[in-house]
Amino acid sequence: MREKLYRFMSGRNGMDELARMQSWVVLILLLLGLFTRLGIFSILALALMIYMYFRVFSRNTAKRYEENQKYVNFRYNCTVQWNKKKKRMQQMKTYRFFKCPTCKQEVRVPKGHGKIEISCPKCREKFIRKS
Ligand SMILES: [Zn+2]
(Lines give C-alpha, C1' and ligand atoms only; values in the text may rest on other atoms or scores of the structure.)
Protein backbone atom coordinates (compact mmCIF):
# COMPACT_ATOMS: atom_id res chain seq x y z
CA MET A 1 0.00 0.00 0.00
CA ARG A 2 2.75 2.37 1.02
CA GLU A 3 4.75 1.46 -2.05
CA LYS A 4 1.71 1.98 -4.25
CA LEU A 5 1.26 5.45 -2.83
CA TYR A 6 4.95 6.15 -3.26
CA ARG A 7 4.84 5.08 -6.90
CA PHE A 8 1.69 7.15 -7.45
CA MET A 9 3.30 10.26 -5.97
CA SER A 10 6.64 9.94 -7.74
CA GLY A 11 7.11 12.70 -10.29
CA ARG A 12 4.26 14.66 -8.78
CA ASN A 13 4.49 17.91 -6.90
CA GLY A 14 3.34 16.74 -3.46
CA MET A 15 2.66 18.96 -0.46
CA ASP A 16 4.65 22.17 -0.62
CA GLU A 17 4.45 25.35 1.44
CA LEU A 18 1.67 26.76 -0.74
CA ALA A 19 -0.39 23.56 -0.47
CA ARG A 20 0.08 23.52 3.29
CA MET A 21 -1.17 27.11 3.54
CA GLN A 22 -4.10 26.26 1.27
CA SER A 23 -5.08 23.31 3.44
CA TRP A 24 -5.22 25.66 6.44
CA VAL A 25 -7.40 28.10 4.51
CA VAL A 26 -9.68 25.22 3.49
CA LEU A 27 -10.02 24.24 7.15
CA ILE A 28 -10.80 27.83 8.19
CA LEU A 29 -13.36 28.18 5.38
CA LEU A 30 -15.03 24.91 6.41
CA LEU A 31 -15.22 26.08 10.02
CA LEU A 32 -16.61 29.46 8.91
CA GLY A 33 -19.21 27.64 6.84
CA LEU A 34 -20.09 25.49 9.83
CA PHE A 35 -20.56 28.43 12.17
CA THR A 36 -22.20 30.91 9.82
CA ARG A 37 -24.21 28.30 7.90
CA LEU A 38 -23.42 30.22 4.72
CA GLY A 39 -23.02 27.97 1.69
CA ILE A 40 -20.51 30.28 0.07
CA PHE A 41 -17.76 29.24 2.52
CA SER A 42 -18.26 25.55 1.75
CA ILE A 43 -18.18 26.28 -1.98
CA LEU A 44 -14.99 28.31 -1.62
CA ALA A 45 -13.46 25.58 0.55
CA LEU A 46 -14.33 22.94 -2.02
CA ALA A 47 -12.97 25.01 -4.91
CA LEU A 48 -9.73 25.70 -3.04
CA MET A 49 -9.42 22.04 -2.03
CA ILE A 50 -9.78 20.95 -5.68
CA TYR A 51 -7.10 23.46 -6.69
CA MET A 52 -4.87 22.32 -3.83
CA TYR A 53 -5.10 18.65 -4.85
CA PHE A 54 -4.60 19.60 -8.47
CA ARG A 55 -1.28 21.18 -7.44
CA VAL A 56 -0.29 18.31 -5.12
CA PHE A 57 -0.87 15.66 -7.82
CA SER A 58 0.40 17.79 -10.68
CA ARG A 59 3.28 16.43 -12.76
CA ASN A 60 4.29 19.88 -13.97
CA THR A 61 6.62 20.33 -11.02
CA ALA A 62 8.55 23.23 -12.58
CA LYS A 63 5.39 25.33 -12.83
CA ARG A 64 4.24 24.31 -9.34
CA TYR A 65 7.68 25.09 -7.93
CA GLU A 66 7.45 28.56 -9.46
CA GLU A 67 4.02 29.13 -7.87
CA ASN A 68 5.29 27.94 -4.52
CA GLN A 69 8.35 30.16 -4.80
CA LYS A 70 6.11 33.17 -5.50
CA TYR A 71 4.10 32.40 -2.39
CA VAL A 72 7.21 31.91 -0.22
CA ASN A 73 8.63 35.23 -1.47
CA PHE A 74 5.32 36.98 -0.85
CA ARG A 75 5.18 35.61 2.70
CA TYR A 76 8.76 36.67 3.29
CA ASN A 77 8.06 40.21 2.05
CA CYS A 78 4.99 40.41 4.30
CA THR A 79 7.09 39.44 7.30
CA VAL A 80 9.74 42.02 6.42
CA GLN A 81 7.10 44.75 5.95
CA TRP A 82 5.41 43.77 9.20
CA ASN A 83 8.68 43.87 11.15
CA LYS A 84 9.48 47.26 9.63
CA LYS A 85 6.08 48.59 10.75
CA LYS A 86 6.51 47.09 14.21
CA LYS A 87 9.94 48.67 14.59
CA ARG A 88 8.59 52.00 13.36
CA MET A 89 5.72 51.86 15.88
CA GLN A 90 8.18 51.27 18.68
CA GLN A 91 10.37 54.16 17.53
CA MET A 92 7.37 56.53 17.21
CA LYS A 93 7.42 56.94 20.98
CA THR A 94 10.93 58.37 21.13
CA TYR A 95 11.63 59.59 17.60
CA ARG A 96 10.07 61.75 14.93
CA PHE A 97 10.49 61.05 11.26
CA PHE A 98 10.91 63.70 8.58
CA LYS A 99 11.51 63.58 4.86
CA CYS A 100 14.34 65.67 3.48
CA PRO A 101 12.74 68.36 1.25
CA THR A 102 15.45 67.93 -1.38
CA CYS A 103 16.21 64.23 -1.73
CA LYS A 104 13.22 62.71 0.14
CA GLN A 105 15.59 60.75 2.38
CA GLU A 106 13.91 59.84 5.65
CA VAL A 107 15.54 61.37 8.71
CA ARG A 108 14.98 60.22 12.27
CA VAL A 109 15.37 62.69 15.14
CA PRO A 110 14.76 62.28 18.88
CA LYS A 111 11.48 63.77 20.13
CA GLY A 112 11.04 66.71 22.45
CA HIS A 113 13.91 69.03 21.56
CA GLY A 114 11.72 71.85 20.24
CA LYS A 115 12.67 73.50 16.95
CA ILE A 116 15.87 72.01 15.64
CA GLU A 117 17.96 72.23 12.53
CA ILE A 118 18.21 68.88 10.84
CA SER A 119 20.91 68.15 8.35
CA CYS A 120 20.15 65.40 5.88
CA PRO A 121 22.65 62.54 6.15
CA LYS A 122 22.45 61.91 2.41
CA CYS A 123 22.61 65.31 0.71
CA ARG A 124 23.68 67.55 3.62
CA GLU A 125 20.62 69.79 3.08
CA LYS A 126 19.67 71.67 6.26
CA PHE A 127 16.04 72.23 7.26
CA ILE A 128 14.25 73.27 10.43
CA ARG A 129 11.51 71.18 12.01
CA LYS A 130 9.81 70.93 15.37
CA SER A 131 10.90 67.71 17.04
ZN1 LIG B 1 18.54 65.08 1.59
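## Zinc site and salt bridges

Along the chain, the donors of the zinc ion follow the spacing C-x2-C-x16-C-x2-C. The model shown here is predicted.

**The zinc site**

Which residues hold the zinc ion as protein donors? They are Cys100, Cys103, Cys120 and Cys123, each through its SG atom. These atoms lie 2.2 to 2.3 Å from the zinc ion. The site is tetrahedral, with angles of 107 to 113° among the four donor atoms. For four tetrahedral donors, the ideal angle at a metal is 109.5 degrees.

Cys100 sits in the loop between β1 (95-99) and β2 (106-110), and Cys123 sits in the loop between β3 (115-119) and β4 (126-130), so the pair ties together parts that are 23 residues apart in sequence.

Is Cys100 buried or exposed? Cys100 is buried, because its relative accessible area is 1%, and the cut-off for buried is under 20%. Cys123 is partly exposed, at 34% relative accessibility.

**The salt bridges**

How many salt bridges does the structure hold? There are seven.

| Glu3 | Arg7 | 3.1 Å |

Start with Glu3 and Arg7. Both residues lie in helix α1 (residues 2-9). They are four residues apart, about one turn of the helix. Both Glu3 and Arg7 are exposed.

Glu17 and Arg20 are three residues apart in helix α2 (residues 17-36), so about one helical turn separates them. Glu17 is partly exposed, with a relative accessible area of 29%. Arg20 is partly exposed too, at 42% relative accessibility.

Arg75 is partly exposed, with a relative accessible area of 36%.

Salt bridges can also share partners. In this way Asp16, Arg55, Arg64 and Glu67 are joined into one network.

**In brief**

Four cysteine SG atoms are the protein donors of the zinc ion, and their site is tetrahedral. Among the seven salt bridges, the one between Glu3 and Arg7 has both residues in helix α1.

Notes. Residues are numbered from 1 along each chain as its sequence is written. This is a predicted model: local features need pLDDT of at least 70, side-chain atom pairs count only at pLDDT 80 or more; totals for chains, interfaces and linings use all residues. Side-chain values use heavy atoms; hydrogens and water are left out. Donors are N, O and S atoms within 2.8 Å of the metal (3.2 Å for Na, K and Ca); water is not among the atoms, so sites may look incomplete. Four donors count as tetrahedral if all angles lie between 85 and 135 degrees; four count as square planar and six as octahedral if opposite donors are over 155 degrees apart and all others between 65 and 115; anything else is irregular. Helices (H or I, at least four residues) and strands (E, at least two) are DSSP runs, numbered from the N terminus. Buried means under 20% relative accessible area, exposed over 50%, partly exposed in between (1.4 Å probe, protein chains only). A salt bridge is a side-chain nitrogen of Lys or Arg within 4 Å of a carboxyl oxygen of Asp or Glu.
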